[in-house]
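Open the structure in your viewer and keep the selection panel at hand. The tour moves from one selection to the next.

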Amino acid sequence: MAKCDILLGLQWGDEGKGKVVDVLTPRYDAVARFQGGPNAGHTLEFDGIKVVLRSIPSGIFRNNLNIIGNGVVLDPLLFRTEAEELEKSGIDLPSKLRISRKAHLILPTHRLLDAAGEKAKGNAKIGTTGKGIGPTYTDKISRNGLRVGDIELDFEARYQAAKEKHLATLGLTDEQLSEEQRKLEADWLDAIRYLKKYTLIDSEYEINELLNRGETLLCEGAQGTMLDVDFGSYPFVTSSNTIAAGACTGLGLAPHRIGDVYGIFKAYCTRVGAGPFPTELFDETGELIGKLGHEFGAVTGRKRRCGWIDLVALKYAVMINGVTRLIMMKSDVLDTFETIKVCTKYKVDGELTDRFPFDAATRKIEPVYTELPGWKSDLTKVRSEEEFPENFRNYIAFIEKQLGVPVTIISVGPDREQTIELKK
Ligand code: GDP
Ligand code: IMO
Ligand code: MG
């Protein structure tokens, strides 16, 4: 039976999912996003161009079908901006892209609610991307959401009712909206009309029929496991299930359809926004990793917090997702380091543990490190595993042994070409 594979982040997002989905896409008939929304920023680099995708799957530059699944939250305005940019580069988007009728719509007032929620939290704010993600998923779960398929129905009335509810929550009247907010609403309504150019589908049927025909699917995760609403570092998480199970609910896939789960991680670790990050570095080493790795958010431009690789959190992510293959990214960023630290355990209240603590947000967690010698050579031009320096092989072997899953792809630079598949 045809299966579908999942590729998802094992850390706090920005592992390089977009790059690898683009590399793997030619092996599949279709690619689908299953959760998240324009909080994601997935970067692709090839033939000297660089593109950041937010709602559109990273398979869009290949000749495949691309699907935005029911688990995604879609902002029509940001979608239009992204889509028009792709159309300018010659991609016939309406012919390649399908959108689930059941995906939920991000309204302009969801952004206001996101901002108000953050303001109300004060110092405890999450540092969201401000795209209205949390409020949109809240409306979905509380059964107040508007779905993409609603644009084919009596949309105007549904939109006005939802907007009024949001304004009441915000303690605002329509008249109190600023010029800028009014302009945003007008543009958003215009973008709803633009959305009608696309084929809206019952994606659960299309996807299951595709698999029944013997075709294959790659499911593209957004964010990362440690941002999962159930298993991440709650409450400093996003509002969706970013884990493998999210592909089942976010696309209408039965669990037995799932084949390989590709778990992707950086050779070190980053996080953007607030929340626990046990291996975070506050010294010049952290600064240097950030500088060498160009660690600035693809969406918000925010500086990403940097630290050493955390095998406690990674082991947890491997377990939750049932990872069958590992992908290590940004190995080249560590090229110049004399020694590289790997966190294998935490010390919490004087006790050693290899579990990610329930109350990570309030506990003092001390990482326990093993130091490995650096490889001190330029990996960016390496194109085969035979060329790997010995210390780099040792680094990979150490991680594989600790996580109990083989590393099958190594990335040594942002370009499509800088990807090495290991022969195992
Ligand atoms: P995503 O959200 O998981 O798709 O990742 P992002 O696109 O937000 O962040 C990954 C960043 O690292 C992007 O700027 C990529 O171009 C870049 N990148 C991906 N792989 C590599 C790599 O192996 N080495 C280096 N130096 N950069 C990489
Ligand atoms: P990709 O797909 C990194 C983080 C935000 C914030 C928290 C909640 O590019 O890896 P939200 O706007 O979702 O309510 O914010 O989650 N966050 C991400 N961090 N990469 C992402 O996506 C993220 N999407 C959300 O910074 O801490
Ligand atoms: Mg990103």
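**Stop one: the metal site**

Select Asp14: at a relative accessible area of 22%, Asp14 is partly exposed. Here buried means under 20% relative accessible area, exposed over 50%, and partly exposed in between (1.4 Å probe, protein chains only). This is a predicted model, where local features need pLDDT of at least 70, side-chain atom pairs count only at pLDDT 80 or more, and totals for chains, interfaces and linings use all residues. Residues are numbered from 1 along each chain as its sequence is written, chains are lettered from A and ligands numbered from 1 in the order in which they are written, and side-chain values use heavy atoms, with hydrogens and water left out.

Next, select Gly41. Gly41 is buried, with a relative accessible area of 13%.

Asp14 (OD) and Gly41 (O) coordinate the ion at 2.0 to 2.2 Å. Asp14 sits in the loop between strand S1 (4–9) and helix H1 (17–24), and Gly41 in the loop between strand S2 (30–33) and strand S3 (42–46), so the pair ties together parts that are 27 residues apart in sequence. Donors are N, O and S atoms within 2.8 Å of the metal (3.2 Å for Na, K and Ca); water is not among the atoms, so sites may look incomplete.

**Stop two: ligand 2**

Select ligand 2 and the residues with a heavy atom within 4 Å of it. Of these 21 residues, Asp14, Lys17, His42, Thr129 and Thr238 come nearest.

Pick out the side chains. A polar atom of His42 lies 2.7 Å from a ligand 2 oxygen. For Thr129, the distance from a polar side-chain atom to a ligand 2 oxygen is 2.6 Å.

Methods: Polar contact = N/O pair within 3.5 Å; in protein donor to acceptor, adjacent residues only side chain to side chain. Helix = DSSP H or I, 4+ residues; strand = E, 2+ residues; numbered from the N terminus.
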